[in-house]
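User: Could you go through the salt bridges and one of the chain contacts with me?

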Amino acid sequence: MDGFLSMGGYAAYVWSSYGAAALVLVGLLVLSLTGLRRVERTLATLEAAKPRRKREPKVGPVPTASPATETAP
Amino acid sequence: MHRFANPARFLKIANAVLPWAAGLSAVCFVAGLYLGLVASPPDYQQGDTVRIMYIHVPAAWMSMFTYSTMAVAAAAALVWKHPLAEVYAKAAAPLGAGFTALCLLTGSLWGAPMWGTWWVWDARLTSVLVLFFLYLGYMALVDAFDDPARGNKAGNILLLVGAVNVPIIKFSVEWWNTLHQPASVFRLGGPTIAASMLWPLLLMAVAFQSYFFAVVILRIRAGLAARRVQTLRLGQAG
Amino acid sequence: MTRKRRRMMILALALLGLGTATALTLSAFRDNIVFFYSPSDLAAKPPGGRTVRIGGLVETGSLKRDAGGLTVTFQVTDTAKSLPVTYTGILPDLFREGQGVVAEGKLGPDGVFAATELLAKHDEKYMPPDVADALKRAGHPGKPGDVPASGAPVAAGEEHQTSTLRTNP
């Protein structure tokens, strides 16, 4: 176990690398998830407040793609 | 290709892919970390610092993969005006910047004990630093305009101009004398890494790649929802 | 369709032009982009009193430490030419005979390169120590860098020391 932690004397370099990787990857994941939740909440409130339009079939809050307005030609 | 450009259809496929990508990433990270940190041998020259490779190299590959896909998306956005292409490029950019930062940082942590320096201005290191600035520049540029369409267009042009940097990064170690060593895996004549070290490297590469797919799907969903919010707000204002 | 095709043409032409311009610029500034010169480069183009970087392999058997242990002398070789180098200071962990090295300093009138900074360079080969030992026993004493998986056995470092503007698919 000691040998594993000391990494042949290069512990500072090896473990900082893995620590940085964990920080970057987990950080980006958390930021992406919170960003997604925030915008989905905003969208839900906006759609709830919106006066009903005929062509908008109500779907769940997640697949918000709105094919009517954003379909590629 | 055009088929997937429809956001609704894309979301259907993406939501089906998401749990698989996330699961694959988790499994490969566990296996890759175990092999990389515990079950693989130290290098005959570099000792245990070789384990930095299992982070550094996948991060480097992903930094170039992400940029290349963003450049393709930029071309698609400029030529075919696919709405999804711009959403993709914007969603991928922070991930690419993260991979590049990780690559530079771990490279520094590896170079300090082995090369004897944290940083040198050789062609490989400099071109990767340029890649990092291209990501940052793109992210700043798309948000710098009041009209998002103009911001996207400027960003797409920057992405395409910056694409010349990708082959420069890849071949810098062959075209010029550099402190950085040449490629070990994607080279003529096959890899020059012993199998016991190639396995953890490939597992970590798959883990990074599937992590990217899972997170970029989340980010594309957020991007599409943000566009929808924007149109709704415009509709209310008008 | 025609507008899309026109946009595609413009884009392709712009990228082609950009690529060509970049390639021309890079080849024009080749001498400034290389991180170090080989001993052969230096012999062909003497640097005078300028500070330059040289790179190559530390010739096996040439490394000598002085009594104090802080000053080392060794030969840097690119297999064609070699150059004596002296350096005083802390050596990188990877510095050893048979491995790549990059030294920054000045070429003295006596033909000895006085290095002020020394960096170790490693090759693209990675393997466990026991494999390296086995290879050594099997008769690759000078160059334990040949991994069995690798197709073309190249002397460690030889490839990049002599690197010229090679094209690669």
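User: Before that, what kind of model is it?

Analyst: This is a predicted model, in which local features need pLDDT of at least 70 and side-chain atom pairs count only at pLDDT 80 or more, while totals for chains, interfaces and linings use all residues. Residues are numbered from 1 along each chain as its sequence is written, chains are lettered from A in the order in which they are written, and side-chain values use heavy atoms, with hydrogens and water left out.

User: Which residue does B:Arg228 pair with?

Analyst: B:Arg228 forms a salt bridge with A:Glu47, with 3.5 Å between the closest N and O atoms. The pair crosses between chains, from helix H7 (residues 195-237) of chain B to helix H2 (residues 11-49) of chain A, where helices (H or I, at least four residues) and strands (E, at least two) are DSSP runs numbered from the N terminus.

User: Is A:Glu47 buried or exposed?

Analyst: A:Glu47 is buried at 14% relative accessibility, and B:Arg228 is buried at 3%; buried means under 20% relative accessible area, exposed over 50%, and partly exposed in between (1.4 Å probe, protein chains only).

User: And what about C:Glu104, where is its partner?

Analyst: C:Glu104 forms a salt bridge with C:Arg53, the closest N and O atoms being 3.0 Å apart. C:Glu104 lies in strand S5 (residues 100-107) and C:Arg53 in strand S1 (residues 52-58) of chain C, so the pair ties together parts that are 51 residues apart in sequence. C:Glu104 is partly exposed at 21%, as is C:Arg53 at 29%.

User: Switching topic, how much area do chain C and chain B bury between them?

Analyst: They bury about 4,300 Å², 61% of it on carbon and sulfur atoms, buried area being the accessible area (1.4 Å probe) that two parts lose on being put together, summed over both. In chain C, the residues that lose the most area to chain B are C:Phe35, C:Glu124 and C:Tyr126, together 17% of what that side buries.

User: How many salt bridges are counted between chain C and chain B?

Analyst: The count is one salt bridge, in which the side chains of C:Glu124 and B:Arg187 meet at 4.0 Å, N to O. C:Glu124 is buried, with a relative accessible area of 1%.
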